[in-house]
Amino acid sequence: MYTEDQGQSLGLSGWVKNTRQGTVVGQIQGPQDKVNDMKVWLRSVGSPSSRIDRAVFSNQRDISKLEIHGFSTRY
C-alpha cells in the first residue's frame, strides 16, 4: 500500500507484489528522474513495517511510451 502510494505520488506507472519468500517484485515506468526517486525510496525508506536488506533493480530499459497505466498492488 505504501509503495503504491509512493508510486502514485511520483506520477509513475507500474505495479508491486509481495512474494511468499518475503520479497517484493514489480515494474516501474515513467520519467527517469522520477524512477530514480522511487528507487531511492525503495532502497532506503519503504513501508513503515518493512526491513530493507537490499534492493536489486534489473532489466532496465528505455521505452518510447508507457506500457502500463497507473500504479497498483498485485495480489
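This is a predicted model: local features need pLDDT of at least 70, side-chain atom pairs count only at pLDDT 80 or more; totals for chains, interfaces and linings use all residues.
Residues are numbered from 1 along each chain as its sequence is written, and side-chain values use heavy atoms, with hydrogens and water left out. Local features need pLDDT of at least 70 and side-chain atom pairs count only at pLDDT 80 or more, while totals for chains, interfaces and linings use all residues.

Start with the strands (DSSP runs of E, at least two residues, numbered from the N terminus, as are helices, H or I, at least four). E1 and E2 run antiparallel, joined by six bridges; strands pair if DSSP finds at least two bridges between them. Five residues separate the two strands of this hairpin, where Gly22 has a positive phi near 85 degrees. E1 also pairs with E3 (residues 71–73), this time parallel, over three bridges. Val16 stands opposite Gly26 in E2 and has Thr73 as its bridge partner in E3.

Then there is the largest pocket, with about 1,500 Å³ of space. A pocket here is an open set of points on a 1 Å grid over the protein atoms alone, where a 1.4 Å probe fits, with protein on both sides within 12 Å along at least five of seven lines; lining residues have an atom within 4 Å of a point. The volume is the space filled by probe spheres set on the points, which are joined across faces, edges and corners. Of its 40 lining residues, those closest to the centre are Val24, Val25, Gly26, Leu42 and Phe57. E2 gives the largest share of the lining, six residues.

As for Phe57, the charged end of Lys39 sits over its ring, 5.2 Å from the centre (NZ of Lys or CZ of Arg within 6 Å of the ring centre and within 35 degrees of the ring normal).
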